[in-house]
Amino acid sequence: MKISLLQQMYKDVLVGIPLAKESHHYTSLLNLCVEQSPEDESCNWMHLPSTNGGIRSHQDTDMADAVVPTTDDISNRFANMKSSFCPREVMLLQLTLIEMMVAKAASQEIEFSTRQKYCEIFVLLLKEAKIDSKLICLLDSCDRLLSHMASRSLASLVCFQLKEENVLNVTWLTFSLKTVSGFPGNTQVAECLWTLTTVIKEILKDKVLPKAGILKKLLAPLDPVLEGFYNSILFHHFVSHHYTSPYSEAANNLISFIDLLEALLSSRIELELPLRCQRVLFLKVSYVLNLISSSIHYLIQKKFIMLLKKCVLYKSREDTKSGSLFLQNPSLYEDMLVLSNAVLRDVNLTWLNQIPLSEKYSYFGGSEAALGDDTQGSSDQTVLRALSLVVLKALEFKFQNSATEAEIKEDFQSSMSQLLMFWRSHLKDSPQSHPVVHHCEWLSLIFIEQDDDMWEAAKALLLIYLKFDRLRHDAPDRLSQKEEETWNFLTHANGYNPHCIFLFFLEKIAFDSTVLLDFLISSETCFLEYLVRYLKLLREDWHQFVDVCNHFDTKHGTFKSISSVKPPHQENQSCMTDESLQSACCEPEPQTPISLASSHNCLVFTAEQGDNEVAESNQSSSLICADSTSLLGSLQGLVNYDSSEDSELESDGKECLANTTQVPLNNQAERRIRETGCSYTDDKENALKSTGLPLKQKGSNSSSCLTCMASSDNTIPLRIMLYKSTKCLEELQNAIFRLQRRNLFPYNPSALLKLLSHIEKISKNMNLQ
């Protein structure tokens, strides 16, 4: 009879029909039939009611008093009952109804009178039926489905009281304090942590609730207990062999705690002064780093690594929400500095090499790859990217807050050397790919499949480069040409030359400007911030960009297309130039620290050589480390920065980002933008003529992208990379302009267009020369 009434109630609640009977009637229907142990209010064990018409047999009573029923006992007992009379089915329906009614009571789409009725029922359930105590008893049930549903219902009721009555459930709070402080003896830790995590997430999802006050009321009583639990589970009581299986009780407790730490991290932004439990992950991150390199199960290692990734990206999210809050929050500054120092210290102690990245992936329906799958033997790319991003963001934060070049130079080279070796050891080269011989290419190879991570990593390296460059220019003594060459050498040796990184990425996307447009209109990446900063650098560092483009051409042997046979004197001249460049860049001053990677001749742009290309190998093996005057002397002074209103040094890009705030787009708007922006095609052909010379794009006097420089013997070396890259930026500029003109761009791109226009102007001026 009760099951039929509950089924009818479920249908009424589901469709939003007002409950006609009095509240006590529905309270009796929802009241759980759980018999608590009178000796223990925390309900370490519970009984389900008998199904013999409400009368237990003598044998059942003796068994209940003697032992706690096991999972098999309960399963066998329930298997012999009809589902309509099964107490388990009744209880699951009751728990489902409680959770559903809480959600309906918070919905503004439900009539006020109906929501008020639900609230009256909850008040009766909590005050008269003591439903919270019964739910806590069910948390320790041997039936895992009952335990999980009880945890969800309990979290819903705790949230209901916080939102509607602004009170914290005392019964649940007492249970949580006792359970967490009783670790490792208490067996209900995972369920307790899961409930707390759910409550925090529900509060953060609410758009109307005053989150700061509610979170403080929730977390303040638990603050000291949670910090002690952090120390206990991660250090004092940690035994790694208990965590080698993901199905053990110890592993379940640890996984639930990782989820709680993630929720605490997300909740931190809501409080002006974060609680200790919200900071403990930063301040004691060494415990987590030690666990990651221990013998725990790979699933737990991966969850910790992904949690660290959220930590290093937390500043970005906080800045996005509240602008300069990071600068106003000394505790966050301190926490990020502690985390960065700890990560870099362990990285320099070969911490990365102690992390065995799994070669198995998670597949739908199983954990093994299908036969013939070529992913076997390769590392987990998701974890590889996450670890790499943790190290790069730690480097960025530490060095942005360092005062002198000496403070950061040696540590940076050491950390980057470890990271480069880590990449080389875990990235599996496909048979079709060429060997990676230039360190700046690793970034695009590692992150090309994850857009948001790729641009976070690229931005981190760009900011590090700008920091070094600013310190060099602020030095009282003017740098000599030898020091400039050494500086250029190290930017490539450590894989953070911004021009190389950008050009390698353009190569990977085949110079497709529509891909860049997709990144710009997406709210999921920081590409806008990266591009603005890079374009500002490109405006001031154009000659280095041209130098890098020329060596990309040398790498691919594009000078070979000028003529099939070179004049002897020109060939000798080219060899001499390359030898002088190699000598200049490979013999830095002895006292200058050189990274480990740079000592292995890994900086050479190497052309893929066939039998007919050996003769030109010397010409294609020099790096771009020499000063630009030795190769592009005629380019000096081509760009008059003083004549531009934007000629001042602007490395931070703040004013350009001020009026380009991105806003999320719906799918329809984003698709419309892409269709409009991607429909652009040049009226002129983009291909090169058979002679190797490109067609002019905008008339006879405005070949905007291709740069040609006549030599003494009237031979014109082609700059294909310079042509393709600047043409890609020009196409991007045109697409943005068209979208802006039709009011289809999601934010004001005026500052970005101004920078792109300035780059186009520099390129045209160079062509006219």
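Axes are lines fitted to C-alpha atoms, for helices over the stretch in contact, and angles run from 0 to 180 degrees between N-to-C directions. Contact here means heavy atoms within 4.5 Å, and helices (H or I, at least four residues) and strands (E, at least two) are DSSP runs numbered from the N terminus. The structure is a predicted model, in which local features need pLDDT of at least 70 and side-chain atom pairs count only at pLDDT 80 or more, while totals for chains, interfaces and linings use all residues. Residues are numbered from 1 along each chain as its sequence is written, and side-chain values use heavy atoms, with hydrogens and water left out.

The chain contains 32 helices and 2 strands. Of its 769 residues, 52% count as buried, where buried means under 20% relative accessible area, exposed over 50%, and partly exposed in between (1.4 Å probe, protein chains only). Among contacts with a separation of 6 or more, 76% are between residues 24 or more positions apart.

Two packed helices are described by the angle between their axes and the distance between the axes. The crossing of H2 over H6 is right-handed; a crossing is left-handed if the near helix is turned anticlockwise from the far one by less than a right angle, and right-handed if clockwise. On the H2 side, the contact is made by Ser23, His24, Tyr26, Thr27 and Leu30, and on the H6 side by Lys117, Glu120, Ile121, Leu124 and Leu125. These residues divide into 5 nonpolar, 3 polar and 2 charged (Ala, Val, Leu, Ile, Met, Phe, Trp, Tyr, Cys and Pro count as nonpolar, Asp, Glu, Lys and Arg as charged, and the others, Gly among them, as polar).

Helix H5 (residues 87-105) also meets H6, with axes that come within 9 Å and cross at roughly 135°. H5 and H6 are therefore oblique to each other, and H5 passes H6 in a left-handed crossing. Ile98, Met101, Val102, Lys104 and Ala105 of H5 touch H6 through Arg115, Tyr118, Cys119, Ile121 and Phe122. By class, this contact of H5 with H6 has 8 nonpolar, no polar and 2 charged residues.

Beyond neighbours within four places in sequence, Trp172 is in contact with Ile136, Leu154, Val158, Thr195, Leu196, Leu218 and Leu222. Ile408, in helix H20 (residues 405-426), counts as buried at 0% relative accessibility. The C-alpha atoms of Ile408 and Lys467 are separated by 10.0 Å, although the two are 59 residues apart along the chain.

Some loops hold backbone details worth a look. A cis peptide bond joins Phe183 and Pro184, with omega about 10°. Lys130, in the loop between H6 and helix H7 (131-138), has a positive phi near 50° and is partly exposed at 45%.

Notes: Angles under 35 degrees count as roughly parallel, over 145 as roughly antiparallel, 65 to 115 as roughly perpendicular and the rest as oblique.
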